[in-house]
Amino acid sequence: MVLGIESSCDETGAGIVRDGRLLAHVVASSMDEHARFGGVVPEIAARAHLHSFNPVVRQALDQAGLRLSQIDAVAVTTGPGLSGALQVGLAGAKTLAYAAGVPLYGVHHLAGHVAADTLEHGPLPTPCVVLIVSGGHTSLLLVRDLVREPILHLGDTLDDAAGECFDKVARVLGLPYPGGPAIDRAARDGDPRAVTFPRPLTRPGDDPYAFSFSGLKTAAARWVEKHRAQGLDLPVADGAAALQEAVADVLSRKALAACRAYDVKTLIVVGGVAANSRVRALTEQRCAAAGVELRVPPMTLCTDNGAMIAAVGDLLARSGAEPAPLDVSIDPSAPLEYASLTPLPEKVRVGGPR
């Protein structure tokens, strides 16, 4: 029985997994508290985690019909993420592990997103291409054994992530935060061909697996400015549909290119933007044409949650991986190399190599 804790951003999540089976999944979001600022405020997020941690853990245990004494291990996100938010989750997880007398596993947040798919579709195919696309991350990975082998980065975003682009353009369009769902809703009534937005890094000679959405964000902002400067009504639905189409086109095109290049027959799309209807539909269409199986977790497992961290902890425990020491620290900007993320204690790291 592995209890997973996630607190890297604005969701406090607790999940319980046993032998790859999801027993509990509870999330408390502070999104409404950030909405009036148009984005996540780190101090508010950390305070929200403090308020939510105990109730969320208690609810997860109740949902699974368990007591803390029946938990065999605790897994927690130790990076990347907001420093204060990560500290709250790690402190709470250490306390639970110490109180229960069980091992503690430090987990990389992005590996958690990858493992989320196993809770719906079973073990990951070996190998598989994984597209992680969220508010803070856009990455293409080649994954073999998630907890035993290094994860190969094929490409990452060079600037804005896809979800960040949605959030920023939504604000310019006058849509509410969070921008991703707002763009998706508005796009239903729009024409994706009404505006020709650029497809960044898709020309011959460009890095085939790298992403860049800053220029797309700027192009959308200039389109809005032009309409307002001329006193024209802003066709918000068309702008949202065209923006969504451009993002979905780039994401699916690069992901399928990676599958072809590495002769991989399974593409897994995870992260918050995987919930976007056009990203799902276009990727599904292109996968079907290419003979590639598409796996996407349910929407409740696409956004940040403790279940995905418990899933990694479950895999680590069953593989015999070494647990983290109880004085493990966080790493807010941790690169994704392995699913297990156990930064050295701060007192050891200062002034010396890692």
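A residue is called buried when its relative accessible area is under 20%, exposed when that area is over 50%, and partly exposed in between, as tested with a 1.4 Å probe on protein chains only. Leu 256 is buried, because its relative accessible area is 4%. The structure is a predicted model, in which local features need pLDDT of at least 70 and side-chain atom pairs count only at pLDDT 80 or more, while totals for chains, interfaces and linings use all residues. Residues are numbered from 1 along each chain as its sequence is written, and side-chain values use heavy atoms, with hydrogens and water left out.

Helices (H or I, at least four residues) and strands (E, at least two) are DSSP runs numbered from the N terminus, and Leu 256 has its place in helix H9. Contact means heavy atoms within 4.5 Å. Leaving aside neighbours within four places in sequence, Leu 256 is in contact with Leu 267, Arg 286, Cys 287, Ala 290 and Val 292. The C-alpha atoms of Leu 256 and Glu 6 are separated by 30 Å, and these residues are 250 residues apart along the chain. Glu 120 lies in helix H5 (residues 118-121) and counts as partly exposed, at 46% relative accessibility.

The aromatic rings come next. Rings of Phe, Tyr and Trp (its six-membered ring) pair if their centres lie within 6.5 Å; planes under 30 degrees apart count as stacked, over 60 as edge-to-face and the rest as tilted. This rule gives three aromatic pairs. In one of them, Phe 197 and Trp 223 have ring centres 6.1 Å apart and planes at 85 degrees, so the pair is edge-to-face. This pair links distant parts of the chain, with Phe 197 in the loop between helix H7 (179-187) and helix H8 (214-229) and Trp 223 in helix H8, 26 residues apart. Both Phe 197 and Trp 223 are buried. In another pair, the ring centres of Tyr 209 and Tyr 262 are 6.4 Å apart and the planes stand at 50 degrees, so the pair is tilted. Here too distant parts of the chain are linked: Tyr 209 is in the loop between H7 and H8, and Tyr 262 is in the loop between helix H9 (236-261) and strand S9 (266-270), 53 residues apart. Tyr 209 counts as buried at 13% relative accessibility, whereas Tyr 262 is partly exposed, with a relative accessible area of 36%.

A charge can also sit over a ring, which requires NZ of Lys or CZ of Arg within 6 Å of the ring centre and within 35 degrees of the ring normal. Lys 254 lies over the face of Phe 211, at 5.8 Å from the ring centre.

Cysteines were then examined. A disulfide is a covalent bond between the sulfur atoms of two cysteines; here it is taken as a pair of cysteine sulfur atoms within 2.5 Å. A search of the whole structure finds zero disulfides. For Cys 165, the closest cysteine sulfur is in Cys 9, at 17 Å, too far for a bond. For Cys 302, the closest is in Cys 287, at 15 Å, also too far for a bond. Cys 165 counts as buried at 0% relative accessibility, and Cys 302 counts as buried at 0%.

Ser 134 is found in the loop between strand S6 (128-133) and strand S7 (138-143). At 8% relative accessibility, Ser 134 counts as buried. Not counting residues up to four places away in sequence, Ser 134 touches several residues, including Ala 161, Glu 164 and Val 273.

Most residues other than glycine have a negative phi, and most peptide bonds are trans. A cis peptide bond joins Thr 126 and Pro 127, with omega about -5 degrees, and another joins Tyr 177 and Pro 178, with omega about 0 degrees. Asp 19, a residue other than glycine, has a positive phi near 50 degrees. Asp 19 is exposed, with a relative accessible area of 53%.
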